[in-house]
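The sequence and the coordinates come first.

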Amino acid sequence: MNGWKITPLLCASVLWGTTGTAQALAHLHAGAPAIGAARLLSGGLALWLVIAFRGGIALRELIAPGRRPWFLGASLATAIYQAAFFAAVARTGVALGTLVALGSAPAFCGVLARELAGERLPAAWTVSTVCAVVGCVLLLAPSGHAGADPLGIVLSLVAGACYGTYTVCVKRLLSSGADSLSVLVATDSIGAALLAPALAGGAGALVSPAGALLVLWLGPVATAGAYTLFVRGLAHVPARTAGTLSLAEPLTATILGTVVLSEAWSPARAAGGALLAAGLAFSALRSGDGGAVVDDARAAIDAGPAVGEPLTEPV
């Protein structure tokens, strides 16, 4: 596995890292579920345009008995993540909400990948993840936890768990031969449908130039574009590695919070950013050797046959 194969994952994480800052700059009074629903709806429309040019969505393969639990799990995680993440950011601030959500994601990804998909957790994953998570903790040091909103922290952890669930479920679908674009369109559409009632009740706050710009950025760019990059990268790395690389998102959010939103940057925060970057670099270097491939092959053997039925024609 060469280093270029993780580039889509890093790019996706950087795009996701802009979402909290974009919401803060918009200065809207829309509820978190409404923003999440608008994001999924606009992103879903962009993906449907792409798939319309391609000629169809391979839906039957996603609802086959062997794949259905992974498909439904990814769809549900998509909806809950949007509502939980934007609610957390609104209550705790961009940096803290993003750091807790994505700082916890690698642990959720690793544990779920081991328990649900049979992936092994090698020492290299542990080292890179510990470095990155400790870096996240240091990034939180300037404000401490004294003023943190407890519900906001809980919502951030829920978002982290949903991120881990989505990553593991989608990785399982891709490993079983499911079409990546079909996975994206279907899970995004179901997520948008689940959040549609919230959008119906809170769309008024998004009807403004700032709201339109926010939705255009969150949907086509930070959802359709980012998730397309994510699944492309996820097809070549284990779910645990994708979870660790996702920590580029809170690093991006922290940098934007400092530069754009004028949030404080202390020596402790600088050390945390450096440690987080080191963890990401170690994970990237790990993906460049053959060990990860060997681990994946062994995990596939241990896990048995891939989940899912033979592929069917697009419908």
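How many of the 24 residues of helix 5 are buried? The model is a predicted one, and in it 17 of the 24 residues of helix 5 are buried, so that the helix is mostly covered.

Helix 5 runs over residues 94–117. From its first C-alpha to its last it reaches 32 Å, close to the 34 Å expected at 1.5 Å a residue. Helix 5 also bends by about 30° at Ala105. A proline, Pro106, follows within four residues of that bend. After the end of helix 5 comes Gly118, which has a positive phi near 75°.

Helix 11 covers residues 248–259, and its 12 residues should span 16 Å at 1.5 Å a residue. The end C-alpha atoms of helix 11 are 16 Å apart, which agrees with that value. The buried residues of helix 11 include Glu249, Pro250, Thr252 and Gly257.

**Aromatic pairs**

The structure holds eight aromatic pairs. One of them joins Tyr81 and Phe85, with 5.5 Å from centre to centre and 5° between the planes, and this pair is stacked. Both residues lie in helix 4 (residues 68–92), four residues apart, about one turn of the helix. In an α-helix there are 3.6 residues a turn, so residues three or four places apart point the same way. Tyr81 is buried at a relative accessible area of 8%, and Phe85 is buried at 1%.

A second pair to look at is that of Tyr166 and Phe230. The ring centres are 6.3 Å apart and the planes stand at 35°, so the pair is tilted; stacked would need planes under 30 degrees apart and edge-to-face over 60. Tyr166 belongs to helix 7 (residues 150–175) and Phe230 to helix 9 (residues 209–234), so the pair ties together parts that are 64 residues apart in sequence. Both Tyr166 and Phe230 are buried.

**The nonpolar core**

The largest nonpolar core has 71 residues. Helix 4 gives the largest share of this core, 13 residues. Tyr163, Tyr166, Val170 and Phe230 have the most contacts inside the core. Among these, Val170 touches Ala74, Val183, Val231 and Leu234, when residues up to four places away in sequence are not counted. In soluble globular proteins, nonpolar side chains tend to be buried together.

| Residue | Relative accessible area |
|---|---|
| Cys109 | 0% |
| Cys169 | 6% |
| Thr223 | 1% |

Which residues does Thr223 contact, leaving aside its neighbours within four places in sequence? Thr223 is found in helix 9, and the residues in contact with Thr223 are Arg39, Gly43, Asp188, Leu218 and Thr228.

Cys109 and Cys169 are both buried, and the structure holds zero disulfides. A disulfide is a covalent bond between the sulfur atoms of two cysteines.

Conventions:
Residues are numbered from 1 along each chain as its sequence is written. This is a predicted model: local features need pLDDT of at least 70, side-chain atom pairs count only at pLDDT 80 or more; totals for chains, interfaces and linings use all residues. Side-chain values use heavy atoms; hydrogens and water are left out. A disulfide is a pair of cysteine sulfur atoms within 2.5 Å. Buried means under 20% relative accessible area, exposed over 50%, partly exposed in between (1.4 Å probe, protein chains only). Rings of Phe, Tyr and Trp (its six-membered ring) pair if their centres lie within 6.5 Å; planes under 30 degrees apart count as stacked, over 60 as edge-to-face and the rest as tilted. Helices (H or I, at least four residues) and strands (E, at least two) are DSSP runs, numbered from the N terminus. Contact means heavy atoms within 4.5 Å. The expected span of a helix is 1.5 Å times one less than its number of residues. A nonpolar core is a set of buried Ala, Val, Leu, Ile, Met, Phe, Trp, Tyr and Cys residues joined through side-chain atoms within 4.5 Å. The bend at a residue is the angle between axes fitted to the seven residues ending there and the seven starting there.
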